[in-house]
Amino acid sequence: MSVAAVLAGEVLLSASTAGAQQANQIVSPEPAPPSASSTTAPAATTLPEVTVEAKPVEKQPQPKKHTAKPTTKAAAAAPKTPATEQLPSVPGTAIIDNLPPAYAGGQVASGAQLGILGNRDVMDAPFSVTSYTEDYLRDQQASTLADVVDTDPSVRINNHGRGSNNGGGDVFTIRGFTVPNSDTSFNGLYGVLPVGTISLAGVERVEIFKGPNAMLNGMSPSGGVGGTINIVPKRAGDEPLTRLTTGFESSGSGSAELDVGRRYGTGKEFGVRFNGLYQNGDTAVDDQTNEVQSATLGLDFRGSAVRLSADLGYQKDRTDVPSSWGGGLRIGGGVTHIPDAPDASNRTAQLWEYIDNEDLYGVVRGEVDVTRDITVYAAAGGRTNDQADLRTSSRLNDNSGSLLTQILNYPQYSDSESYQGGIKGVLRFGSVRHEWNIGATRLSSEVGYGLDVLGGGLSDLYHVAEIPKPDTSNLSDARKNASTDLTSVAFADTMVFADDRVWLTLGVRRQYVDQDNYDVTSGARTSTYDESATTPSVGLVVKPWHNVSLYGNYIEGLTQGMTAPAGTENAGEVFPPTKTRQAEAGVKVDFGKVAGTLGVFRIEQPNAITIPGSTPASTIYTIDGQQLNKGVEFNVFGELTPSIRLLGGVTYLDPEQTKTQGGLNDGKDAIGVANWNGNVGVEWDPYFAKGVTLSARSVITGTQYADAANKLELPAWARLDLGVRYKLEDRPIEFRANVYNVLDTNYWETADPSTGLRLGAPRTFILSMSTEF
């Protein structure tokens with residue numbers, strides 16, 4: 001970590017010299033002429049009249065600013081420029097130092113990153129995306145991504161990675177398709193963030209893109225197609241910041257977080273932002289403890305034509321007594337009815353179980369403005385992850401809740417390098433403005449694991465049987481299982497015309513997938529995959545009125561293709577990456593302080609099945625199955641009144657299996673996807689209690705099925721979260737209290753197609769105090 005820090009410092013130091021030389025060449029702007037309404041008397045000496053014809057300056061595209069008046073919270077977060085210095089303007093093509101402003105209410109932003117399209121205002125984007133701000137994360141006391149996505153009706157949590165009876169890392173479902181935490185990007189760069197869970201201590205924005213996005217971001221590391229989550233790191237503001245937050249959670253977990261930001265230089269060109277977090281103690285689950293150590297350092301330099309940033313991070317996340325169902329509670333063949341969910345606060349793991357993740361990561365990014373309208377950019381990053389995992393894995397045997405439990409030692413590691421580069425800019429032909437980008441990406445990763453089965457025993461869903469700790473003196477180490485290279489080149493062009501009322505985006509990406517698989521015992525290579533695919537995309541935004549956007553898109557997602565297994569007629573045949581296709585249309589309306597989106601979409605995902613072969617006894621493995629997800633989404637956010645903020649929505653989803661093995665399950669719902677999801681969050685600043693904010697959030701999920709035949713049904717569930725915070729009027733001190741799952745409802749949150757049932761989180765109390773000095 002020290003070597004990376006020194007290298008990042010040298011890059012920033014060398015760039016500062018060039019930036020300072022360029023800054024010295026800037027001519028100070030002329031004083032503004034007096035306004036036409038000025039009543040100041042003219043001087044006694046009369047100068048001859050001079051007429052100057054100024055050459056018109058073409059307008060540089062900038063992120064659109066909403067007409068809504070900023071709230072007090074949003075205004076306070078905005079950087080303040082010293083009157084004696086004029087910071088260099090940032091072109092619309094920039095990512096560094098070009099964060100879209102917060103929308104009215106301060107909970108979400110007015111825009112987000114759209115991969116190769118860069119930052120885009122939500123009203124100009126032909127896709128559905130929501131960007132949650134630092135203020136919202138802090139007010140909700142969110143510690144992981146799972147705490148954030150609970151607000152979005154298009155997203156459901158497949159697995160809570162921390163503080164629950166699941167463990168093992170965050171996993172999400174977006175528009176009915178699984179998206180693991182490993183598919184989360186860092187400022188658009190895949191493969192650099194912690195693998196299991198991500199601490200939010202150094203996070204400025206959490207951006208959720210809904211739907212396939214291969215053209216925008218390239219193929220994700222695990223091939224998830226439902227959407228993606230992008231993390232935007234914190235940067236130092238122009239005003240010095242020193243914030244200390246202490247917290248207490250559930251049964252005795254204490255935490256301390258330090259957030260420090262400073263800018264240096266005559267024009268505040270250099271920025272430093274440090275975030276450190278330590279948390280340790282008991283969670284809401286009996287006998288379970290969690291320890292988190294997290295540190296992030298964000299450096300940036302902003303010159304007149306050069307912008308640089310560097311991010312370094314370390315995270316250690318250990319949970320003792322995590323869960324017997326960390327990989328999901330598998331369902332046995334004897335189950336014909338799902339038993340009631342057990343008490344989520346009761347432990348399901350043995351007292352000797354643990355899972356321990358350690359991640360070290362870093363990213364360096366640079367942007368150089370070659371001309372006023374052309375920017376060259378590049379980024380490079382990497383991550384090392386080591387995971388120790390001694391746990392049990394259980395299977396539900398019957399309707400009464402009897403379990404068969406196995407003891408597993410499952411160490412893992414993951415090393416990755418990620419690169420991104422290209423050139424982007426703006427061209428004008430007559431009345432048409434072209435915002436274009438030519439880019440390339442490369443993600444190289446190596447993963448490995450070990451596996452020991454160390455015995456087991458019988459247990460019960462409602463009363464955990466004690467199993468003696470196995471002998472751990474001679475356990476396997478993690479060994480290489482696969483190495484993968486994901487390489488792509490892409491081009492996108494957004495044509496803006498008709499007085500900025502029409503935005504037409506055309507793009508295409510060529511994706512290459514290379515993978516070698518290895519036997520973890522012998523180390524011998526067992527198979528090789530080398531295929532490619534082209535994914536086009538088109539998006540359209542039409543604005544009949546300045547505050548109304550009609551949008552539509554066609555875009556694809558990519559998943560690594562399968563290889564025909566042994567025993568089939570075409571055994572060994574390698575299939576190209578499978579394409580998931582989405583068509584979407586909708587309308588966005590911005591009322592100034594409240595905005596909403598209504599969209600409909602259709603997503604087709606191919607699946608592998610077997611069909612009759614050339615003889616009655618043979619079969620052919622082919623990509624001929626299909627899952628069809630059709631949905632309607634409604635989202636709303638903003639400030640209803642100066643004291644009431646609203647955030648939430650409703651999603652209807654029809655996850656139909658349309659081409660199944662032998663047509664057996666055609667027309668039935670996909671596993672673990674509810675037809676109806678609803679989220680409503682409200683904040684209220686009561687007039688009778690100055691400085692107090694009350695909040696409430698409801699999360700509602702409809703019935704789901706735990707099997708493809710739709711015979712095992714999970715009941716619908718609803719959860720209520722409440723919160724209160726108080727900010728002192730004369731001191732920068734704020735108190736927060738949140739209760740999640742207020743009624744302590746026990747429910748099966750979802751079912752995973754591969755790993756089984758997931759139990760909802762128990763009632764959790766969180767208290768904290770923040771002070772700035």
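Which residue meets Arg719 in a salt bridge, side chain to side chain?

The structure is a predicted model, in which local features need pLDDT of at least 70 and side-chain atom pairs count only at pLDDT 80 or more, while totals for chains, interfaces and linings use all residues. Residues are numbered from 1 along each chain as its sequence is written, and side-chain values use heavy atoms, with hydrogens and water left out.

**Exercise 1. Identify the salt-bridge partner of Arg719 and describe the setting of the pair.**

Step 1. A salt bridge requires a side-chain nitrogen of Lys or Arg within 4 Å of a carboxyl oxygen of Asp or Glu. The partner of Arg719 is Asp150, with an N to O distance of 3.0 Å.

Step 2. Arg719 belongs to strand E34, whereas Asp150 sits in the loop between helix H4 (145-149) and strand E4 (155-159), so the bridge ties together parts that are 569 residues apart in sequence. Helices (H or I, at least four residues) and strands (E, at least two) are DSSP runs, numbered from the N terminus.

Step 3. Residues are buried under 20% relative accessible area, exposed over 50%, and partly exposed in between (1.4 Å probe, protein chains only). Arg719 is buried at 7%, and Asp150 is buried at 7%.

**Exercise 2. Locate the two residues of the salt bridge between Asp139 and Arg725.**

Step 1. The closest N and O atoms of Asp139 and Arg725 are 3.3 Å apart.

Step 2. Asp139 is in helix H3 (residues 134-139) and Arg725 in strand E34 (residues 717-727); the two residues are 586 residues apart, and the pair links distant parts of the chain.

Step 3. Asp139 has a relative accessible area of 7% and is buried; Arg725 is buried as well, at 7%.

**Exercise 3. Is each residue of the salt bridge between Asp516 and Arg525 buried or exposed?**

Step 1. The side chains of Asp516 and Arg525 meet with an N to O distance of 3.8 Å.

Step 2. Asp516 is buried, at 19%, whereas Arg525 is exposed, at 54%.

Step 3. Elsewhere, salt bridges that share partners join Glu134, Asp135, Arg138, Lys234, Arg243, Asp259, Arg273 and Glu772 into one network. The count for the model comes to 46 salt bridges.

**Exercise 4. Describe the surroundings of Arg175.**

Step 1. Arg175 lies in the loop between strand E5 (171-174) and strand E6 (177-180), and at 2% relative accessibility it is buried.

Step 2. Beyond its neighbours within four places in sequence, Arg175 has contacts (heavy atoms within 4.5 Å) with residues including Ser128, Glu584, Phe601 and Leu653.

Step 3. A polar contact is a pair of N or O atoms within 3.5 Å; within protein, one must be able to donate a hydrogen and the other to accept it, and residues adjacent in sequence count only if both atoms are side-chain atoms. The side chains of Arg175 and Gln582 form one of 2.8 Å, and the Arg175 side chain reaches the backbone oxygen of Lys210 at 3.4 Å.

**Exercise 5. How many bridges join strand E22 to strand E23?**

Step 1. Two strands pair if DSSP finds at least two bridges between them. E22 (residues 479-497) and E23 (residues 502-518) run antiparallel and are joined by 16 bridges, with Leu486 opposite Val513.

Step 2. Their hairpin has 4 residues between the strands, and Ala498 takes a positive phi near 55° there.
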